Amino acid sequence: MTDVRTRTPKPLSSVRDTRALQLSTAERLVLSCIDGVRTEADLASATGQDRERLHASLAKLEAQGLIAFDDGESPRTRTTNARSVTGATSPRPLTPSNVASIAPAATVHTPPPDEASSPLGGAGESDAAALGEEVDLEPDLQRQILALQRGLDRLDHYALLGVERTADKKSIKRAYFDLAAKLHPDRHFRKKLGSFKFRMEAVFSRLTFAHDTLANPQKRGEYNAYLEEHDRLRGIEQVLAGAAAEVRRAEDTIERQVRAQERAPTAPVTGPQRDWPVPTTPPPNVDAATRREAFAKRLLGMRPSAPSSMPPAPKFSSPPAPMTATDAMDALRRRYEERVSRAKASEARKYTAKAQEALAAGKLVEAASSFRVASGLAPADETLKRQSADIQVKADAILSETYARQASYEERNGQWPEAARSWARTCQLRPNDAHAHDRAAATIVKAGGDMHKAVHFAQRACELEPELPGMRVTLGNAYLAAGLALNAKREFEVAAKLAPDDGTIKSLLKRVDHSEGKKDG
């Protein structure tokens, strides 16, 4: 079998206008770099995408009839070989025979990784490759374009334009036109641009979208509300994520304090004690074991046993039985553990009181975090555990509602990678929400993300609502994007039975039949 790194995808000459296609930024970048000469290894270097991400892009481009491989083997069947080349562990490849048997519960609640929605996976490698191209652009402008492109999925509109959130309309327009003068592709007409042509188009498109949103008062108001909610959401996540760290900090502090107390001199045991005769002669030489035993007893506040040279005690009383070093150390350990346990219980009560105060003030997230800490310090307290679980359910409801609102806004504005992440996080908190799983699958497909995850989310949606044709259509589209036309056809046929008069479903079935007919021919 040919080495995966030497395979060369070729663009098809009969390709229709790609602007009408639902391609992600990453997929358009890959398509722009395919010239029939570059191998997959060259494409990985030029686009900065890791091997697995590149294969997903190539699979979608091939499924849409934009590229072809002379050997007839699609990128999907080469995924295992590519991973073996890079030394990565290879999971089961996605094939028609096993995809239906994949347990959706294993990944249904896993949000898509950030790199799956980022157009450039390895920024350092991509920058080096791009800066090495022979293009008619100044080095400083090249670096600015690369920096802006890297930030497309993480910079808000204000940061992208380089203005404050309080900037007026005039300042926003000035910032936009200053950038457009340098980055508009027409500004560099007839110049040799290489991969920077696509990069500039992607950046300019996003700059235009940012300008159009902020220049419109209504859209800007909606966007500002979205940003405020986004910031609040990050704060909620940080509060909840900090609970585990707070438990560790509290435990470390308690143990340090108890160890310091153990090292401090211990007051002798109080109460009536019998005076033992004190020898008038110097004490005899005592071996090391005896000294350790005596030291351990002093730490415990006990009197050391009388030296063997002391005169015998009066017959009416006898000294306590001598304690061995092992007994003394066990006693020390028990006392240490008891002190730590008491200190943790005390701290747990403090955090419980803090949680109750937050709850009374209506601050559910802070209350949930404090209950988490308290429960972590006192894991055996069943009452505290139940309180913590009850409040966590309420906090999760707030979090999931916020994620869903974020996802809906992002989806309306075509922010597919962001919408995919938000819907996936909603699914984590709502494992039985069919709508959330359906939208997670649909947005991952539109973002050109991980089609394994898209299939899993869509499968879960169909499990929850098997009689809704829309859910079947989403699963069929996920299969189709993954290159599994037979699986897609099966789902479209089920959808057609559920909604026999739906013209869209009929069109999808014809599209699959046409695609299969071309392959057979």
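**Charged pairs and their surroundings**

Guide: Let's start with Asp 330 and Arg 333, whose side chains meet in a salt bridge with N and O 2.9 Å apart. Keep in mind that what you're looking at is a predicted model. Both residues belong to helix H13 (residues 325-360), and being three residues apart there puts about one helical turn between them. Asp 330 is partly exposed, at 25% relative accessibility, and Arg 333 is also partly exposed, with 43%.

In total, the count comes to 21 salt bridges. One of them pairs Lys 192 with Glu 134, with the closest N and O atoms 4.0 Å apart. Lys 192 sits in the loop between helix H9 (169-183) and helix H10 (196-215), while Glu 134 sits in the loop between helix H6 (123-131) and helix H7 (139-150), so this pair ties together parts 58 residues apart in sequence. Glu 134 is exposed, with a relative accessible area of 64%, whereas Lys 192 is partly exposed at 48%.

While you're at that H9-H10 loop, look for His 188, which is found there too. Setting aside neighbours within four places in sequence, His 188 is in contact with Leu 137, Leu 141, Lys 182, Leu 193 and Met 200.

H9 has 15 residues and reaches 21 Å from its first C-alpha to its last, close to the 21 Å expected at 1.5 Å a residue. Its buried residues are Ile 172, Ala 175, Tyr 176, Leu 179, Ala 180 and Leu 183. Look down the axis of H9 and these fall within an arc of 130°, so they line one face of the helix. On the other side of H9 you'll find Lys 170 and Phe 177, which are exposed. As for what the buried residues of H9 pack against, the partners are H7, helix H8 (157-161), H10 and helix H11 (217-263).

Now for another charged pair: Arg 472 and Glu 491, whose side chains meet in a salt bridge at 3.0 Å, N to O. Arg 472 is in helix H19 (residues 469-481) and Glu 491 in helix H20 (residues 485-498), so this bridge ties together parts 19 residues apart in sequence. Here both Arg 472 and Glu 491 are buried. Some salt bridges also share partners, and in that way Asp 156, Arg 165 and Asp 231 are joined into one network.

Along with Glu 491, the buried residues of H20 are Ala 485, Asn 487, Ala 488, Phe 492 and Ala 495. Seen down the axis, the buried residues of H20 fall within an arc of 155°, so they line one face of the helix. Leu 486 and Lys 497 are exposed, on the face of H20 turned away from that buried side.

One last thing, in case you were wondering about cysteines: the disulfide count comes to zero. Cys 427 is buried, at 0% relative accessibility, and Cys 462 is buried at 5%.

Notes
Residues are numbered from 1 along each chain as its sequence is written. This is a predicted model: local features need pLDDT of at least 70, side-chain atom pairs count only at pLDDT 80 or more; totals for chains, interfaces and linings use all residues. Side-chain values use heavy atoms; hydrogens and water are left out. Helices (H or I, at least four residues) and strands (E, at least two) are DSSP runs, numbered from the N terminus. Buried means under 20% relative accessible area, exposed over 50%, partly exposed in between (1.4 Å probe, protein chains only). The arc is that of the directions from the helix axis to the C-beta atoms. Contact means heavy atoms within 4.5 Å. A disulfide is a pair of cysteine sulfur atoms within 2.5 Å. The expected span of a helix is 1.5 Å times one less than its number of residues.
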